[in-house]
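Here are my notes on the model, point by point. Please read them next to the coordinates.

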Amino acid sequence: MQENNSLLARLNPAVKLGTLVYVMMLLITTSRLPVTVALLLFAAVGVACSGWKLSTLVFRLVPYTVLFLLTFWMMAAFGKGETELWAFGWFRITEESLAHAWLVATRMLAFVLLSITFVATTDPTRFVMSLIHQCRLPVRLAYGFLAGLRFIPIFRQAIRTIRQARRIRQQRSIWPWQTFFAISLPLFTTSIIRSERIAIAMEARQFQPDRTYYVRPVVTRVDGLFFGLVCIITTSLRLFV
Amino acid sequence: MWCRNLTVRYPDQDCAVLNDLTVSLRQGETTLLIGPSGSGKTTFLHLLAGLIPETIEAEVSGEWRADGTVGMLFQQPDDQFCMQTVGAEIAFSLENRSIPRDEMEERIRTVLKRVGLDLALTAPIAELSGGMKQRLALACVLALEPDILLLDEPTAQLDPYGRQVMMELIEELHHDPEVTLILIEHQLEECVTFADRVLVFQEGQMRLDGSPFDVFEEKREDLTRHGIMCPLLYPYTLETIPLTVATARFLDGPPVARRPVANETTLDLTDVTIAHGKRVILDQISLTASAGEWIMLVGRNGAGKSTLLETMAKLLPAQSGTIKLFQTPLKKWRDRTFYRQVGFVFQQPEFQFLKQTVADELAISSPSPARSQVADALQHYRLADVAAQSPLALSLGQKRRLSVATMLLERKAVLLLDEPTFGQDAETTAQILDVLHQAREAGTTLIMVTHDMELVYRYADRVVVIGEKHVQFDGAPDELFRNESLLEHNQLIRPVSVRYQQREEVKHRAGKQFAARTP
């Protein structure tokens, strides 16, 4: 997650999340392809406004495009249906399966684009603070989550070291889960020790739920306008397309 | 602040950590706590900080009281933060005290200035060096405006430069009459000069209590006999220490005696360039190592020492240039044969262990280990008692010894080590060095990244300074320690021994009379 200066980044994170979840709900409740495509296009506009450079965007979207194509192919070639269009070996594409494939694949892509819009424009600290203030998330849980975020780069470094050590000591596992355990066990044990230390350090700094806030996101008129506008547009897309 | 008949016992242990302790400390006093590990120093601080018995479970009996706000700084620089950025982290302290939002910005800047950090409030913590992190942690504690400041080995996990800066900050705090300082520290040299009082803990009880002079001068032999470290020079300084004192004789001692280096090349680097993406980290490095040579790589944080080591271990590819082991380029070596010749000891030993028990860990270190070989190694590295334990459950020193043992079970041609003595106590360091010294005598090339200049002076055959993408110096340690500008430029600090010897030399020369002028 990162923050930038786009309009979406300046919105209240909780409101933004609520809005996007509403759009996702609309996506789930429709089984009509035109509506899904219309909402997909809407999500694409959102991603375009996320303030990411085109190159970054393309780079991040490549894996999802592959996933899109795979989903499409699976649904189309193995789906049920009466009207056969094309068949080869095990593959049998029918009109019904093709329509179904379009629907599921575009819906998935729309979900991905909405999520990326959120991730690209939201700073985690502000997001958690907004959850505290707008959604009444318990303070202890919220700060615990923020402290946990710091583990991500630490884990990345640790996994790298473990892989290197396995290479140097010429340890190869026969089954993939052996690799999984070999890597996760030391990570798990060290992170228990670390999280205990961090918790103690936080307590030592007199951590308590009764507090003031350095970052205090509020809901402004712009947030309300954004929520209303997106709801109206997407609902009418859902109803009238 | 005082405590009376204090006894603390952890739930999973039979013996009390603190046993019937009675002590009182006055306001504005600076107290140094020393004692062997496991003597209850840290527990005492946790208690004063109000962490025991609420946060850390323990049975406590007796009375104690700490008047005023208490702040505590811990040993691990990385494990004290819960936010992403510098500003938010200090604000966390202020939030806990319910300081209004409008005042925060200014207070954050004040404490940052006080610890000498010139950072943007949005700077990510993950990108700071260990020394800077520890200073930030101190800033966070100072933001609590504590009356009592507890410091639990604040410099143990820092490099010498970070350590020096941190010590200066602590000394500055000592001069603040409002603040009561209680300090656990193994860097005694700097602390004794400003501590008002020294408490010596042993087995949960207070053995000695007195001024630094009373403790370290009069009871020195007593302490040494019990294995408690004493400051090297105290009560003298480098300038005043007389030659008759045992310390002076140690300082004047030459580097460890060893056989001359054989003339047989093992690793050979020519014009090696290493880059991460487009960012060049090391540019055209050339280096040749011989069998039985102990080379130490030194330089600032982030100079690329570890990267160079990883490249030599065939873990990172070089962008250009060639690296040869026994005249064969690294690319032509197959992993299986290469790693029988080259070993690597990582900075964090816990991530290097792959098996569930210590004995298994040793058994996989050689392709066909004889049972006696493993048993011998267990004896030699003093790991026999813990052979059936998980490597992750060992003490720090044992982990270190095991990590070196796994690499030296088979004789290696080259052993690469990334700060193997970092954060270790004197005893563990001595053990590791002993083992490495033996490996060197057996003809293994040792290439080691270190920040410890005393080691460089005592053990290195050659020292290589890495800085600004290049090799800045490659030669004998003596030569390096005479090059003032090079040392300063790379944030290197001359070891005490060398400083002492250089001072003696100056004195010696100054004592000579000029030859009489002949008309």
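Why is helix α10 (residues 305–312) of chain B largely enclosed by the rest of the structure?

1. Six of the eight residues of α10(B) are buried, so the helix is largely enclosed by the rest of the structure. Buried means that 20 or more other C-beta atoms lie within 10 Å of the residue's own; exposed means 12 or fewer, partly exposed anything in between, and the C-beta atoms are placed from the backbone. The buried residues are Lys305(B), Leu308(B), Leu309(B), Glu310(B), Thr311(B) and Met312(B). After α10(B) comes Lys314(B), with a positive phi near 65°.

2. A word on conventions. This is a predicted model: local features need pLDDT of at least 70, side-chain atom pairs count only at pLDDT 80 or more, and totals for chains, interfaces and linings use all residues. Residues are numbered from 1 along each chain as its sequence is written, while chains are lettered from A and ligands numbered from 1 in the order in which they are written.

3. Confidence in chain A. pLDDT is the predictor's confidence in each residue, from 0 to 100. Its mean over chain A is 85, and 98% of the residues reach 70 or more. Among the elements of chain A, helix α2 (residues 13–29) has the highest mean, 91. Strand β1 (residues 84–88) of chain A has the lowest, 74. Where pLDDT is low, the predicted coordinates should not be read in detail.

4. Make-up of chain A. There are ten helices and two strands. Both kinds are DSSP runs numbered from the N terminus: helices are H or I with at least four residues, strands E with at least two. The order from the N terminus is α-α-α-α-β-β-α-α-α-α-α-α.

5. Dimensions of chain A. Its radius of gyration is 23 Å, whereas a compact globule of 241 residues would have one near 18 Å. The radius is taken over C-alpha atoms, and the globule rule is 2.2 Å times the number of residues to the power 0.38. Along the principal axes, the C-alpha atoms fill a box of roughly 70 × 60 × 30 Å. Of the 241 residues, 24% count as buried.

6. The A–B interface. Here 42 residues of chain A are in contact with 44 residues of chain B. Contact means C-beta atoms, placed from the backbone, within 7 Å. On the chain A side, α6 (124–135), α7 (139–149), α8 (151–168) and α9 (176–204) each give two or more residues. The most come from α9(A), with twelve. By type, this side has 21 nonpolar, ten polar and eleven charged residues. Nonpolar covers Ala, Val, Leu, Ile, Met, Phe, Trp, Tyr, Cys and Pro; charged covers Asp, Glu, Lys and Arg; the others, Gly among them, are polar.

7. A sheet in chain B. Three strands form an open sheet in the order β2-β1-β4, with antiparallel pairing. Strands pair if DSSP finds at least two bridges between them. The edges are β2 (18–24) and β4 (59–65) of chain B, each pairing on one side only. Four bridges join β1(B) (residues 2–9) to β2(B). Leu6(B) stands opposite Leu21(B) there.

8. Strand β13 (residues 320–325) of chain B. Five bridges join β13(B) to the antiparallel strand β10 (residues 265–276) of chain B. Leu325(B) is the bridge partner of Leu267(B). β13(B) also pairs with β14(B) (residues 328–329), antiparallel, over two bridges. In that pair, Lys324(B) faces Pro329(B) as its opposite residue. The hairpin of β13(B) and β14(B) has two residues between the strands, and Phe326(B) takes a positive phi near 50°.

Conventions:
Contact = placed C-beta atoms within 7 Å.
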